[in-house]
There are 2 protein chains.
Amino acid sequence: MQENHSKTHITIHDIARELNISASTVSRALQNNPRISIHTRTTVRELAQKYNYQPNVLASSLRKGQGNTVGVIIPRINRNFFSNVIGGMEEVLSDAGYNLMICQTYEKFNKEVAAVQTLINARVNAIIMSLSMETRSTEHIRHLKNKNIRLLFFDRTCEQVPSSSVTTDDEQGAFLAVKHLIDNGYRKIVHIAGADHINIYRNRKNGYLRAMRENGIDVRKEWIMHRGMVLEGGKEAFQTFSSWDERPDAVFCAGDYAALGIISAARQKSVRIPEDLGVVGFSNEPFTEFIEPSLTSVDQKGEEMGRIVAGQFLKQSGENTPDEIIETRILKPELLIRASSVCKTK
Amino acid sequence: MQENHSKTHITIHDIARELNISASTVSRALQNNPRISIHTRTTVRELAQKYNYQPNVLASSLRKGQGNTVGVIIPRINRNFFSNVIGGMEEVLSDAGYNLMICQTYEKFNKEVAAVQTLINARVNAIIMSLSMETRSTEHIRHLKNKNIRLLFFDRTCEQVPSSSVTTDDEQGAFLAVKHLIDNGYRKIVHIAGADHINIYRNRKNGYLRAMRENGIDVRKEWIMHRGMVLEGGKEAFQTFSSWDERPDAVFCAGDYAALGIISAARQKSVRIPEDLGVVGFSNEPFTEFIEPSLTSVDQKGEEMGRIVAGQFLKQSGENTPDEIIETRILKPELLIRASSVCKTK
DNA sequence: TCATTTGGTACAATCGATTGCACAATCTAT
DNA sequence: ATAGATTGTGCAATCGATTGTACCAAATGA
């Protein structure tokens, strides 16, 4: 009998052969199955240790019909908010023995469909996702439950498919932001809004509207400016409202990059911030506290969101009840007041 | 015969049964094997399409002994540089049909060991990693090759284990940065340096020294200030050199956050940048272009690094040669000149 | 016409771990 | 002493896809 030292991986059969027992006994011994004698169990474990045996998760997952992998689908990983969320999820899930498989959609619907498919093929236990901007149909995620794959959302959720989710109270965040502007004496407040079919942007707009309504300020139609949440979106909006007869005195942006565009365009035109124009953003991107003037923004607590949604999944998979528990968490956002919105002379 | 619509996944056996052929024929038909008649091939494909058949990658990987997953080990995902690298890798690898499995070490050695083990168990095709700060031993990655798992490094590499890698030429980046300061009339240039046992910081210091030497500037001992690469490190350094009899006229920081600290402290003391003090950072963090004044910095091209290291892996796995090709790429960093270091009156 | 090639398909083993069931050996109770 | 329970282990099927080989049938060649 010749030992094969070139073997790439040790299997339970190798251990079984060496101990003259069957592979099934080895398998049970490693699982600490009480039906195996203590003596056999320890012998097996010792040998496994000695050879640094590592179970083949592919085989085990195939047999059990379930792996130990959670799929994550996000628009882009190199965006501060999303990488924070992933950091939070990883923290919780890796302790629980799960691996993360990450797919990016780049905000494209077809990439999202492909990602879902990929994760189904990989037989993940769950998919945790934040919808792409383009996503309107939900056909691609409808049938996950039949396939025994849990589905959870964070941030950009989907009302049509009932699932656990964690979101920020965007409406409240926007409300706080706008109320803060009003409290600081601003009245003619424009809103740079995101696409209406995305819940977060819709909610932010609603928060804006409520704050204005509750303070008796009429919102003119043109004050709601739908733009891309990018630098150019802000710049373009600034150009537009600069030409109005009655110019706004503040801007609430549904995203920090748009706010940055406003600030940048305002500087070029020598419009002072916050004296001539108050600005508030949303998301608390890392740059917001460092730019000049520092930008007031709404923090979304990405890491916490990741930890919570991961916890929701663990709770579900812990239960043996086939009918899953749906838990919807809405996190309270925090308004971080900085220089761009506080004007002593107002 | 009753159809089972509650089946979670369609298999080749389901298709075989329905067409009264064997599973192996289905398998070959789906692989477009020429030994299967055209007619059978199309029939199978059509049915597969109809049922939206998706192969079980677990089963296929198990059989083939190799999956389609690449493991990535990084210190932290929510750091701009690393998430950029991952973005770049994902871009290349997902097109090539690979999934990414990401593990974080949080700069801890034992977390790194565990991550390697996890990825071995998952039978990844390769591990692409950037070492944790704590890592000094290489026992945990030595035996990957025996296990038929490729190993590649980026940024923080490991000389002891020969493997393909991509790094930035930190020495050169620092040299360019300091040369740029000198060219702009600065002479008394202080260097805020990082920990000496980390190669990237050591290299940056060497670049600084070479630029100074080549331009005939004597570097005083106290000009090299070892500080943490954080905001406070910069602030503290500023306080320190402010009290010197002969104050420096510029600072080259091995990290952007330290540079930010310098700028922030300088503003408080009404020291003008770049007139009174030139500042250059390193890493091109997202905030650098938005702060006031915008910060000159050295870009490390994270995305490109990710794309290249992913490409190196693809090249290796494309070859059938068992002895792998080792390719070491050193990327030329790019100095992004902004307001903090260019002074017209100098 | 018989032998041989070629085309098309099926069988069965395999990857590694898991698990229902069978079975032998030992022990307990009557 | 025999029926029944208990303990410890092995056999073999299973998860789903892949692949070497065997096989039958039709086609070709001599």
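**Chain pairing and DNA contacts in the predicted model**

In contact with 47 residues of chain A are 47 residues of chain B. The structure described here is a predicted model. The size of an interface is often given as the accessible area lost when the parts come together. Between chain B and chain A the buried area is about 4,200 Å², and carbon and sulfur atoms give 56% of that area. Three residues, B:Leu58, B:Arg123 and B:Phe290, supply 17% of the area that chain B buries against chain A, more than any other three residues.

Two salt bridges are counted between chain B and chain A. A salt bridge links A:Arg267 with B:Glu292, and the closest N and O atoms of this pair are 3.7 Å apart. Across the same interface, that of chain B and chain A, twelve residue pairs are found in polar contact, with both residues of each pair at pLDDT 80 or more. On the side of chain B that touches chain A, at least two residues each are supplied by helix 4, helix 5 (80-95), strand 2 (99-104), helix 6 (109-121) and helix 11 (256-268) of chain B. Helix 5 of chain B provides the largest share of this side, seven residues. Sorted by class, the side of chain B that touches chain A comprises 20 nonpolar, 18 polar and nine charged residues.

The surroundings of DNA strand D draw on both protein chains. Of the 26 residues around DNA strand D, those that come nearest are A:Thr25, B:Ile12, B:Ser24, B:Tyr53 and B:Arg63. Among the atoms of DNA strand D that come within 4 Å of the protein, sugar and phosphate account for 48%. The surface near DNA strand D is made up, by class, of seven nonpolar, 13 polar and six charged residues.

In chain B, an N or O atom in the side chain of B:Ser27 lies 3.1 Å from a phosphate oxygen of DNA strand D. Two or more residues of the surface near DNA strand D come from each of helix 2 (23-30) and helix 4 (57-64) of chain A, and from each of helix 1 (12-19), helix 2 (23-30) and helix 4 (57-64) of chain B.

Definitions and conventions
Residues numbered from 1 in each chain as written. Chains lettered and ligands numbered in written order. Predicted model: local features only at pLDDT ≥ 70, side-chain atom pairs only at ≥ 80, totals over all residues. Heavy atoms only, no water. Near = heavy atom within 4 Å. Polar contact = N/O pair within 3.5 Å; in protein donor to acceptor, adjacent residues only side chain to side chain. Helix = DSSP H or I, 4+ residues; strand = E, 2+ residues; numbered from the N terminus. Nonpolar A, V, L, I, M, F, W, Y, C, P; charged D, E, K, R; others polar. Contact = heavy atoms within 4.5 Å. Buried area = accessible area lost by both parts, 1.4 Å probe. Salt bridge = Lys/Arg side-chain N within 4 Å of Asp/Glu carboxyl O.
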